[in-house]
Amino acid sequence: MTSLYLIIISVVLIVITFFLFYPPFGRKPSKEQVNKFTASKNYHNNKFINPISTSMKMSTGESIQLMREFLFEKNNRKPSATLPIEVNQLINDSKAKVIWFGHSAVLVEIEGKTLFLDPMLGKAPTPFPIFAGQRYSEKIPIEIQDLPYIDAVLLSHDHYDHLDYGTIRKLKNKVGKFYVPLGVGNHLIRWGVDKERIHELDWWDEMQFDNLTIACTPSIHFSGRNINDRNKTLWCSWVISGETTNLYFSGDSGFGSHFSEIGKKYGPFDLTLMECGQYDERWSAIHMTPEETVQAQLDVNGKMLIPIHWGAFTLSLHEWTDPITRVTTEAIKRNVKIATPKIGEVVHIHSDKYPNTSWWKEE
């Protein structure tokens, strides 16, 4: 029996050590940081909270049904072939533009600055990518070594499909600043980013970045990278305002009144980048449906919408084209201007010409 106890204790210690020291898990905020978080209106009972009561609990029956659907129901959740993408399309001109890298990763060039929003450029959104489903496209539009200098990276939250350990490790030395919601900076510091380059913001905080104003705005979601760090860091959306260009990036969010609040304070927006995928009725509180995405676009007073959070990974049970099909249908119905670029295709923000083909139907 003594030997059995020793084996059990050894296994437990190994597991604990693994979760404490495996780098992709990141690092929780320190006690000193937690004490500072208590000044935030969004922090309660040692965790961050949403602006409205949000429940993501499922009954035992719902959990069993979810597992059954995941394992046994096949409904074109992935493309049947590798997606075509545009590569190396970065144009060296002064025009305001964006390039969608799939999912929520977007490269932005405005007013002399190059920004990267949620640059998840890895193969799979997990701490164990070797065991997970892979990105739909074999390549990314521009390999990390070929990217230009990035003036700033903006992160919406610390989930694996938005904050990727491997990407940050490869990208960090060609980035000037990192703008992140409260607590997320600790992950970056553990991965070798200098503390001085990291700026943590609470909701409605603003920072001036030369001629740009960076504003951290609310979203309805949650956070966590490990088994014991749920909602220990904040999640957010972002407003990027310049002298001639005004952008909104939704991050991940359920639908709520915060969109109209953001629109009243910072709108109208020349371009919005809005999540439209990975939804399900069972977690509708923290991920919008495509129809809600269009309503959110109207609420923030956006002029043109680019739907994001689709086209790269399977994180829900809907067909992979369902988000873009539904969001474009609703946008047309409600007279909302919508751009549908291929992954890697340049979209000029102030141009009358923008991509709007149904390219996913050709897959």
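Reply: This is a predicted model, in which local features need pLDDT of at least 70 and side-chain atom pairs count only at pLDDT 80 or more, while totals for chains, interfaces and linings use all residues. Residues are numbered from 1 along each chain as its sequence is written, and side-chain values use heavy atoms, with hydrogens and water left out.

Me: What makes β4 and β5 a pair of strands?

Reply: Strands here are DSSP runs of E with at least two residues, and helices are runs of H or I with at least four, numbered from the N terminus. Two strands pair if DSSP finds at least two bridges between them. Strand β4 (residues 106-110) and β5 have five bridges, in the antiparallel sense, so they meet the definition of a pair. Within this pair, Val108 stands opposite Leu115. Two residues lie between the strands of the hairpin, where Glu111 takes a positive phi near 50°.

Me: Which strand runs parallel to β5?

Reply: Strand β6 (residues 150-154) does, joined to β5 by three bridges. Here Leu115 stands opposite Ala152.

Me: Why is β5 called largely enclosed?

Reply: A residue is buried under 20% relative accessible area, exposed over 50%, and partly exposed in between (1.4 Å probe, protein chains only). Five of the five residues of β5 (residues 113-117) are buried, so the strand is largely enclosed by the rest of the structure. Lys113, Leu115 and Leu117 are on one side, Thr114 and Phe116 on the other, and both faces are covered.

Me: Why is the contact between Asp93 and Lys97 called a salt bridge?

Reply: The term requires a side-chain nitrogen of Lys or Arg within 4 Å of a carboxyl oxygen of Asp or Glu. The closest N and O atoms of Asp93 and Lys97 are 2.8 Å apart, so the pair qualifies.

Me: Is Lys97 buried or exposed?

Reply: Its relative accessibility is 2%, so Lys97 counts as buried. Asp93, at 30%, counts as partly exposed.

Me: What makes Glu69, Asp280 and Arg282 a network?

Reply: They are linked by salt bridges. Arg282 meets Glu69 at 3.0 Å, N to O. That pair links distant parts of the chain, with Glu69 in helix α3 (residues 60-72) and Arg282 in the loop between β13 and α7, 213 residues apart. Arg282 also meets Asp280, at 2.8 Å, N to O.

Me: How do you know that Arg282 is buried?

Reply: The relative accessible area of Arg282 is 18%, so this residue is buried. Asp280 is buried as well, at 14%.
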